[in-house]
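Dear colleague,

I am handing over the structure we spoke of, and below it I have set out what was found in it. Please read the notes with the coordinates open beside them.

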Amino acid sequence: MSASLARPRVGVWLIGARGSVATTVVTGCAAITAGLHPPTGMVTETPAFTDSALPALSGLVFGGHDTLDCPLPKRAETLTASGVLPPGIATAVAAELAATDREIRPGGPTPGDTRTEAELITAFADDMTDFIRRHELERAVVVNVASTEPASQGPGAPLPVSTLYALAALRAGCPYVNFTPSEGMHHPVAAREAERSGLPYAGRDGKTGQTLLRAVLGPMFAQRALTVRAWSGTNLLGGGDGAALADPAAAAAKNAGKERVLSDTLGTVPEGEVHIDEVPALGDWKTAWDHIAFDGFLGTRMILQTIWQGCDSALAAPLVLDLARLTARAHEAGLTGPLGELGFYFKDPVGAGPAALGEQYAALTGFAERLAAANPDAPAPRPGPDEETR
Ligand SMILES: NC(=O)c1ccc[n+]([C@@H]2O[C@H](COP(=O)([O-])OP(=O)(O)OC[C@H]3O[C@@H](n4cnc5c(N)ncnc54)[C@H](O)[C@@H]3O)[C@@H](O)[C@H]2O)c1
């Protein structure tokens, strides 16, 4: 653990706080803090970050919004039964789960909700500021881990709900992370407000499985001067994410990020598509199959196939914790705007940055050094509580 143990408490406000990823984040943070498990998968717990003055895991306080009302301890029980959480952990951290459950506020809009966009933004922002005030937090990071939305309808359409939450985060003076493919801060209205607010933000869509492999293999083909002719992929998954992605419009938002990694690393768009099939029996366990047809010397035709079998929430949770810590620290250090150096974590990163995983890791460790060099007491810009966001 880093030397940041005594540092002040930082809030993590999860949009989609009762989902699989959020429940695994809260359970995992409590289990690691209690010494029940090592921080496997958390890049911020490796030596490269020791001097970055990141908030301690023991100092993170969780809350959030959700449109469901299933209690968090119950969600953790279900995740234990399906093998996502190891036996005994949810019981061991029952007090922390119950404490977070008390900090989850109703999200929106729920069916029949008559509130306007402006009213929803105000309600969400009020919940966030109330959380910060009651817990006397130094700051809070808003992290979107809610169900994936269908792709935006374009100009003139109602603002996506993820964008209402992003605007609420800005209104509350909170840095923001979008772990989903939903539009969030990518919407032009929010992007403009983010620029005015001077708050740091990161996104979008966590890179945890198939796309992580693509960010490694794409550069390999390019660097070895092998010609990729076609790259096809299929994903089988269940759980809430599988159900949301059964909607072709939601899957389109996800697949755009997966394909972007290939065009950015190969420099061309190979033939082939990505499909996502919902298989409820698999729950949180995802199988991702990639089939890559490539040409070698003298045009010799070859094939690489990969099969990734991962547990989605166990892959995502350590990254969410990393991102919350890094973004909170970036805010403390006075960094503003899109945090392109966090592209290592995302399928469709904000800002400018490399697409190959190795280069993204180098950018991330450079960021760690930048945070280490920044004065932890430097004042960070925050908008006033009444600043208009629309
Ligand atoms: N490896 C991964 O797990 C991974 C990787 C990249 C991205 N993601 C993204 O993370 C998100 C969460 O995944 P999950 O498996 O936890 O899904 P999930 O279905 O278990 O959880 C989503 C939660 O969002 C809530 N929600 C829906 N609409 C809401 C609203 N308007 N306001 C507040 N809450 C709302 C739902 O009630 C649910 O509790 C998805 O968008 C997914 O695409 C996950």
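The domain bounds used here come from an automatic or database domain assignment. Please keep in mind throughout that this is a predicted model.

On that assignment, the protein has domain 1 (10-206 + 314-373) and domain 2 (210-311), and the centres of domain 1 and domain 2, taken over C-alpha atoms, are separated by 25 Å. The contact between them takes 20 residues from domain 1 and 24 residues from domain 2. On the side of domain 1 that touches domain 2, the elements giving two or more residues are H11 and helix H12 (357-373), and the residues of that side divide into 9 nonpolar, 7 polar and 4 charged.

The ligand comes next. Domain 1 and domain 2 both give residues to the shell around the ligand, so the shell lies between them. There are 29 residues around the ligand, of which Gly16, Gly19, Gly107, Thr180 and Gly240 come nearest. At least two residues of the shell are supplied by each of helix H1 (20-33), strand E2 (60-66), helix H9 (239-245) and H11.

Leaving aside residues up to four places away in sequence, Met128 touches Trp13, Ala140, Val142, Ala168, Ala169, Ala172 and Cys174.

H11 has 21 residues and reaches 31 Å from its first C-alpha to its last, which is close to the 30 Å expected at 1.5 Å a residue. H11 is followed by Gly334, whose phi is positive, near 85°.

Which residues does Asp322 touch, not counting residues up to four places away in sequence? Asp322 is found in helix H11, and its contacts, on that count, are Met42, Val43, Thr44 and Tyr345. Asp322 counts as buried because it has 24 C-beta neighbours inside 10 Å, where the cut-off for a buried residue is 20 or more. Asp322 and Ser20 are 302 residues apart along the chain, and their C-alpha atoms are separated by 17 Å.

A cis peptide bond joins Gly108 and Pro109, with omega about -10°, and Pro109 has its place in the loop between strand E3 (104-106) and helix H5 (117-134). A cis peptide bond also joins Gly203 and Arg204, with omega about -15°, and Arg204 has its place in the loop between strand E6 (200-203) and H8.

Asp205 also has its place in the loop between E6 and H8, and its phi is near 70°, a positive value in a residue other than glycine. With 24 C-beta neighbours inside 10 Å, Asp205 counts as buried. Phi of Leu298 is likewise positive, near 60°, in a residue other than glycine; Leu298 is found in the loop between strand E9 (285-295) and strand E10 (301-311). Leu298 is exposed, because 5 other C-beta atoms lie within 10 Å and a residue with 12 or fewer is classed in that way.

Finally, Arg224 has its place in the loop between helix H8 (210-223) and strand E7 (227-237). Arg224 is exposed, with 9 other C-beta atoms within 10 Å. Arg224 and Glu341 are 117 residues apart in sequence, and from C-alpha to C-alpha they are 26 Å apart in space.

Definitions and conventions:
Residues numbered from 1 in each chain as written. Predicted model: local features only at pLDDT ≥ 70, side-chain atom pairs only at ≥ 80, totals over all residues. Contact = placed C-beta atoms within 7 Å. Helix = DSSP H or I, 4+ residues; strand = E, 2+ residues; numbered from the N terminus. Near = placed C-beta within 6 Å. Expected span 1.5 Å × (residues − 1). Nonpolar A, V, L, I, M, F, W, Y, C, P; charged D, E, K, R; others polar.
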